[in-house]
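Try each task before reading its solution.

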Amino acid sequence: MPEKQKKQFSLSLTVKIFLTAMILISIGVFANSIMYCNQIISETEDLKGRLQSLYTTREELMEMLGSSEELNDLLSDYRKCQELIDSGTLEGEKLDEYKERLGEVRELLNSSKNKDYISRIAKEELELYFADEKIFYNDKQ
């Protein structure tokens with residue numbers, strides 16, 4: 001009985017080199033993707049920490065200065081007091097009371113904390129800047 005010979009499957013040398021190169025490239029791409037993903041995750045954690053820091057700073061500022069609505073109310077009070085005093089219709093104790101209130105409002109508005117707050121709001125919300133500031137625009141989003 002003739003013995004059956006098993007057929008051997010053999011790949012040519014070029015196919016072996018090609019498959020090896022494809023495997024090595026795949027491993028490299030996979031490793032690069034993992035490193036990029038880890039970088040993105042670390043940047044995300046860093047940004048979350050910064051955002052939390054900004055929230056804390058914002059809360060501290062709101063505590064020190066009050067909200068923008070409170071500041072607007074303060075400015076409104078200042079204008080009203082000044083108008084009443086300038087009108088000359090007030091006499092005696094009422095006049096003294098409004099002058100005292102005007103002094104308090106002036107003091108609050110002239111405090112360095114409020115000046116910084118007012119200038120920040122003017123820059124961010126109203127896009128107003130000091131004359132000596134240089135403004136650079138970035139078109140990239």
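Accessible areas here come from the Shrake-Rupley method with a 1.4 Å probe, and for residues only the protein chains shown count as cover. Residues are numbered from 1 along each chain as its sequence is written, and side-chain values use heavy atoms, with hydrogens and water left out.

**Exercise 1. Find the residues that make the nonpolar surface patch.**

Step 1: recall the rule. Patch residues have over 30% relative accessible area and no salt bridge; like charges are joined within 9 Å, and nonpolar side chains (Val, Leu, Ile, Met, Phe, Trp, Tyr) within 5 Å. A salt bridge is a side-chain nitrogen of Lys or Arg within 4 Å of a carboxyl oxygen of Asp or Glu.

Step 2: list the members. Leu11, Val15, Phe18, Leu19, Met22, Ile25 and Val29 make a patch of about 620 Å².

Step 3: Leu11 lies in the segment before helix H1 (13-65); helices (H or I, at least four residues) and strands (E, at least two) are DSSP runs, numbered from the N terminus.

**Exercise 2. Classify Leu11 and Leu128 as buried, partly exposed or exposed.**

Step 1: set the limits. Buried means under 20% relative accessible area, exposed over 50%, and partly exposed in between.

Step 2: apply them. Leu11 has 36%, so Leu11 is partly exposed. Leu128, in the segment after H4, has 48% and is therefore partly exposed.

Step 3: look around Leu128. Leaving aside neighbours within four places in sequence, Leu128 is in contact (heavy atoms within 4.5 Å) with Ala122 and Lys123.

**Exercise 3. Which helix has the lowest confidence, and which the highest?**

Step 1: count the elements. The protein has 4 helices and 0 strands.

Step 2: Helix H4 (residues 112-124) is lowest at 68, and H1 is highest at 88.

Step 3: read with care. Where pLDDT is low, the predicted coordinates should not be read in detail.

Note on methods: Predicted model: local features only at pLDDT ≥ 70, side-chain atom pairs only at ≥ 80, totals over all residues. Buried < 20%, exposed > 50% of the residue type's maximum accessible area, 1.4 Å probe, protein only. pLDDT = per-residue confidence, 0-100.
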